[in-house]
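Here is a short report for a first look. Keep the structure in view as you read.

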Amino acid sequence: QLEELVSNNKRIILRNKEVVIKSGDHEIMKDVILPRDYSLRIAAGANLGLAPGISILSTDSLFIEGTQEKPVQISNLIKNDTKNAKNIASAVKIPK
């Protein structure tokens with residue numbers, strides 16, 4: 001699954017045990033579950049559009065490098081879908 005995500009998108013790369021989502025628009029159509037000990041880095045200017053019911057799960061480090069000039073945006077692929085928008089808001093969880 002992780003290999004499929006990386007091989008299908010030249011702006012998502014696997015570097016050692018880190019998945020890097022580069023800036024630009026990305027449509028996430030399938031769940032992304034990172035293996036244990038893999039970190040996720042989302043570059044400034046990345047726009048992630050998640051299909052309904054889709055999750056990104058990382059149990060290790062998460063680096064979101066957005067800036068005021070180049071924010072990271074995570075949104076719903078279906079406009080005006082308030083139910084899924086609430087799911088996206090609750091999908092970002094930071095372990096203690």
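Which side chain makes a polar contact with the side chain of Glu18? The side chain of Arg41 does, at 2.9 Å. A polar contact is a pair of N or O atoms within 3.5 Å; within protein, one must be able to donate a hydrogen and the other to accept it, and residues adjacent in sequence count only if both atoms are side-chain atoms.

## Basis

This is a predicted model: local features need pLDDT of at least 70, side-chain atom pairs count only at pLDDT 80 or more, and totals for chains, interfaces and linings use all residues. Residues are numbered from 1 along each chain as its sequence is written, and side-chain values use heavy atoms, leaving out hydrogens and water.

## Glu18 and its strand

Glu18 lies in strand 2, residues 18–21. Strands (E, at least two residues) and helices (H or I, at least four) are DSSP runs, numbered from the N terminus. Glu18 counts as buried because its relative accessibility is 11%. Buried means under 20% relative accessible area, exposed over 50%, partly exposed in between (1.4 Å probe, protein chains only).

Glu18 and Val20 point one way from strand 2. Val19 and Ile21 point the other way, and all are buried.

## Strand neighbours

Two strands pair if DSSP finds at least two bridges between them. Strand 1 (residues 12–15) pairs with strand 2 in the antiparallel sense, over four bridges. Ile13 has Val20 as its bridge partner. Strand 2 and strand 5 run parallel, joined by four bridges. There, Val20 stands opposite Arg41.
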